[in-house]
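I opened the model to look up a few helix contacts. My notes follow.

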Amino acid sequence: SPKLSEALSSQVLSRISELSPSGLASAAWSAAKLQDHGGIAFDDVLARSRATLRDFPPRDLAGIAWAAASMRAGDEAWPREVEVEAMAKVSELGSMDVVNLAWALAEHGVDSGPFVAKASEEVLRSVACGQLASQDLGRWLWAFAKLNVESSELVDAVARQVEDKAGSFTAQDLSGLLWALSRQTHSIDDALVRTLASELGQRAGELGGQQLAMATAALSRLGGLEASVLQALASAARSNLQHFDPGDVAAVVWSVAQSGLEDVPLMEAISSQVMRRINSFSLHELTSLTSAYASMAMQDHNVLQSIARALCDGMPQMAAQDVSKLSWACSKLMYVDSELTDTLTKACIEHMHEFQPANLANVIWSCAKLSNKSEALIDGLCGRSMGLIEEFNAQNLANTIWSIATLGFTITDKMEAFIEQSVLKISEFGPQSLANTSWAFAKMEQKFDELMAAISGEAQLKVDEFETQNLSNTVWAWATCTVFDLPLLASISAASIQMIDECSPQDLGNTAWAFASVGIRDLPLMQ
């Protein structure tokens with residue numbers, strides 16, 4: 001209520017000198033949360049807080065730092081003042097306090113590394129002295145994972161605690177702990193994962209939607225998805241789905257897609273909830289749902305149609321990243337809806353200046369898959385790509401070239417930059433990218449000696465990694481371009497013979513035609 005917010009703000013400001021640090025932190029938090037709805041004048045709260053910052057307890061210091069960063073408030077000196085106090089009180093800070101303070105410092109452009117390093121030292125000291133409870137160990141590991149800090153010592157301490165008293169962890173702590181472990185780059189002991197997963201499976205019913213999603217995604221990354229645990233997580237999700245908020249429903253769907261979990265009753269229940277509450281989902285959540293359905297190749301026409309209608313209405317408010325992701329999802333599902341396609345095309349053109357290489361490659365790939373030949377969109381994508389061409393990775397380059405060929409367009413003079421970058425990055429191309437790029441230039445009836453020589457050399461190095469379609473497409477491309485490359489053809493022949501039983505009729509036909517076309521009699525292969 002704007003009126004209530006205004007009245008409360010007035011009362012706070014009239015008595016601001018009476019507020020304790022805790023009261024100031026609460027007022028700052030409220031101001032940050034209400035910034036789009038007319039709330040407390042933050043500058044007054046911040047000014048009062050700075051005068052008494054030394055008196056702020058650790059939790060309140062983290063709270064006001066978070067609020068100021070959320071509001072983009074404070075001058076250049078403010079984050080330094082926060083950093084000084086945070087360093088002085090680091091031994092008293094909790095895990096969430098450290099995360100919020102590090103985020104706030106980073107948002108203000110201050111290197112949070114020294115602060116995070118000092119916090120890490122304090123935590124490890126406490127671990128060495130046995131001063132941290134089981135739950136605290138898990139929460140600190142989670143905090144370090146959020147801050148991208150590796151700590152093998154903390155992981156080892158967690159392992160020791162789990163061996164002794166896994167039952168002392170709450171279900172929520174177990175979920176967060178597994179997520180944190182899954183973010184570690186070094187190897188995690190399988191026995192530790194199994195113990196945690198087993199304990200979590202017994203208490204899956206205590207988890208909320210976000211925690212279920214976190215646990216499922218984490219176990220997928222850790223490789224701890226045993227059947228009994230999967231069943232427990234799926235059962236808990238089905239039982240509590242109606243109580244999950246839309247964001248939790250979207251998170252559960254995405255985690256199921258990531259894990260490869262196949263549970264038809266769960267997905268049917270999810271689809272029912274999505275249909276029933278379609279207007280409660282945000283545009284971002286609807287996009288996430290569509291992407292998850294695409295990752296699972298789940299063709300639920302009724303759900304997709306409902307999502308499409310909702311997204312068409314809200315498309316002007318969608319972020320560029322979501323527009324790109326939605327384009328990819330629709331093409332992955334081969335979902336054709338003229339209204340959605342037209343609306344998406346307009347949104348892509350509108351957001352073109354925000355697209356990065358991956359977005360550009362995904363959108364033009366989706367155009368090719370769905371035969372969307374909008375010249376305004378394709379021209380815009382190619383033009384934007386030219387400005388970012390040096391940032392394209394091998395996958396982006398291959399997908400874009402393949403898409404242009406599939407759409408029936410021809411590489412123009414300005415698109416030669418794609419060829420140049422492909423040659424420079426040819427070592428990063430995988431088998432499919434090499435095959436698709438070869439096929440694309442043959443489809444466009446264009447031959448570029450330097451690029452083809454680069455593809456040939458790389459393909460010979462990686463020919464043992466090629467699938468049958470990669471092999472047949474590559475040899476077909478060389479024959480179509482009338483390029484006689486005996487070393488490449490010999491390597492493709494040898495690889496094809498080894499995989500001949502796996503070749504499709506199309507692969508066999510393309511390969512036979514290609515060798516005949518270039519005049520090579522390869523009897524062992526033909527036989």
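Which residues in α4 meet which residues in α5? I found Leu61, Ile64, Ala65 and Ala68 in α4 meeting Trp78, Val82, Glu85 and Ala86 in α5. Contact here means heavy atoms within 4.5 Å. I sorted the residues of this contact into 7 nonpolar, no polar and 1 charged. (Ala, Val, Leu, Ile, Met, Phe, Trp, Tyr, Cys and Pro count as nonpolar, Asp, Glu, Lys and Arg as charged, and the others, Gly among them, as polar.)

A note on sources. This is a predicted model, where local features need pLDDT of at least 70, side-chain atom pairs count only at pLDDT 80 or more, and totals for chains, interfaces and linings use all residues. Residues are numbered from 1 along each chain as its sequence is written, and side-chain values use heavy atoms, with hydrogens and water left out.

Next, I looked up α12. Helix α12 covers residues 209-222. Helices are DSSP runs (H or I, at least four residues), numbered from the N terminus. I listed its buried residues, among them Leu212, Ala213, Leu219 and Leu222. Buried means under 20% relative accessible area (1.4 Å probe, protein chains only). The cover over the buried residues of α12 includes α10, α11, α13 and α14. Just after α12, glycine 223 takes a positive phi of about 75°.

Last, I checked aspartate 248. Aspartate 248 sits in helix α14. Is aspartate 248 buried or exposed? Aspartate 248 is buried, at a relative accessible area of 14%. Leaving aside neighbours within four places in sequence, I found aspartate 248 in contact with Gly209 and Gln210. Gly209 is also one of the buried residues of α12.

Notes. Helix = DSSP H or I, 4+ residues; strand = E, 2+ residues; numbered from the N terminus. Expected span 1.5 Å × (residues − 1). Buried < 20%, exposed > 50% of the residue type's maximum accessible area, 1.4 Å probe, protein only.
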